[in-house]
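Thanks, everyone, for making the time this morning. Please have a look at the model on the screen, and then I will take you through a few of its local features.

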Amino acid sequence: MPAARPRGRRRKRRIGAHLVARAPAAPRRARARVHGRGVNAPPRGRLVAFEGLDGSGKSTQVAALVRALAAAGEDVVATREPTDGPGGARIREMARSGRLLPAEEELRWFVEDRRAHVRERIAPALAAGRLVLTDRYFLSTVAYQGARGLDWRAILAASEAEFPIPDLVLLLEIDATRALERVRARGAGLEGVFEREERLRRVAAIFRAVDRPWIERIPAEGSPDAVHGAVVASVRARLGIALADA
Ligand code: TYD
C-alpha cells in the first residue's frame, strides 16, 4: 500500500492538476526561483502585461509603450504569447487550420507555451532586473479558455500559484461588437462570425469579472493617441516610471 501523504498538500496540488497539468519534473524548485516577491532575492525587475479582446488595439499600444519606456531609459524586454517558440508555433498552426481542440487540451497547449516562456525568457529577465512587457499573459487563458466553458476561477488560481504575478496588467476594454468590427476591417475571414461574436462576449464578460489589484482597466474605444495617454498615465502612477507625455 502506498504511504499516506499529508492531505492539505495533496488537495492543493489536485485543484490545479486537472486544469493545468504541471510538468512532472522539478516544479517546486522552478517555482521558488521565479515566483513570489519578498521571498526572492532582489533585484527583481517588473512584469507588465497587456490584455484585451482581439481588435482591442493591443499591438499598437504595446509598440507605443515599448517606445515610451525605451525613451525613458528603461531596459525593456518586449515579448508575447502565444510565443515565437515551438509552443506558440503549434498554437498558431492550429488556429490557422480552423481545427478546434477539446477545451482541456487547448488549455494545456497555452499553459505549456507559457511555462516555456516564463522559464526561458520572463524569469531570467526579471532576475536580471529588467522590465518585461508581454503582449498577453495568463489572464488571456483565464478569459479565452474560460469562455470555452472551463472554470476560469480555477485557471486563475492555478496560474497565480505557478507563474510570476504581474506588477501591472493593462486591460484594454472594448465592446465585443466593436472589437469584431475592427478585426473584420483588418480583413480577417467572416466565417463563424456569429459564433465568434458570442465567444468574444463571453471572453469580455470574464475580463470584466476578474478582480485583482494589479489590473488597470483602460477604455480602448478612443483614438490610439488617447488610449496611449491613458496607458502612460497608468504606468507612471502604478510603477513610478517618469514617462514623457504622450
Ligand atoms: P493574439 O494576441 O491575437 O496573437 P497574434 O496577434 O499573434 O495572432 O493571440 C492569438 C489568439 O490566442 C487570440 O485570439 C487569443 C488567444 N489566446 C488564448 O485563447 N489563450 C491564451 O492563453 C493566449 C495567450 C491567447
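This is a predicted model: local features need pLDDT of at least 70, side-chain atom pairs count only at pLDDT 80 or more; totals for chains, interfaces and linings use all residues.

Pro82 sits in the loop between strand 2 (76–80) and helix 4, where helices are DSSP runs of H or I with at least four residues and strands are runs of E with at least two, numbered from the N terminus. The peptide bond that joins Glu81 to Pro82 is cis, with omega at about -10 degrees. Residues are numbered from 1 along each chain as its sequence is written.

Phi of Arg136 is near 80 degrees, a positive value in a residue other than glycine. Most residues other than glycine have a negative phi, and most peptide bonds are trans. Is Arg136 buried or exposed? Arg136 is buried, with 21 other C-beta atoms within 10 Å; the cut-offs are 20 or more such atoms within 10 Å for buried, 12 or fewer for exposed, and partly exposed in between, with C-beta atoms placed from the backbone.

Let me turn to the packing of helices. Helix 4 (residues 86–97) and helix 5 (residues 103–127) pack at an angle of about 155 degrees, with their axes 8 Å apart; axes here are lines fitted to C-alpha atoms over the stretch in contact, and angles run from 0 to 180 degrees between N-to-C directions. Helix 4 and helix 5 are therefore roughly antiparallel to each other, and the classes are under 35 degrees for roughly parallel, over 145 for roughly antiparallel, 65 to 115 for roughly perpendicular, and oblique for the rest. On the helix 4 side the contact is made by Gly87, Gly88, Arg90 and Ile91, and on the helix 5 side by Trp109, Phe110, Glu112, Asp113 and Ala116, where contact is defined as C-beta atoms, placed from the backbone, within 7 Å.

Helix 3 (residues 58–71) and helix 10 (residues 224–239), in turn, pack at an angle of about 50 degrees, with their axes 10 Å apart, and are therefore oblique to each other. Helix 3 brings Thr60, Gln61, Ala64, Leu65 and Ala68 to this contact, and helix 10 brings Pro224, Val227, His228, Val231, Val232 and Val235.

Finally, Leu170 touches Val48, Phe50, Glu216, Ile218, Val231 and Ser234, not counting residues up to four places away in sequence.

Conventions:
Two residues are in contact if their C-beta atoms, placed from the backbone, lie within 7 Å.
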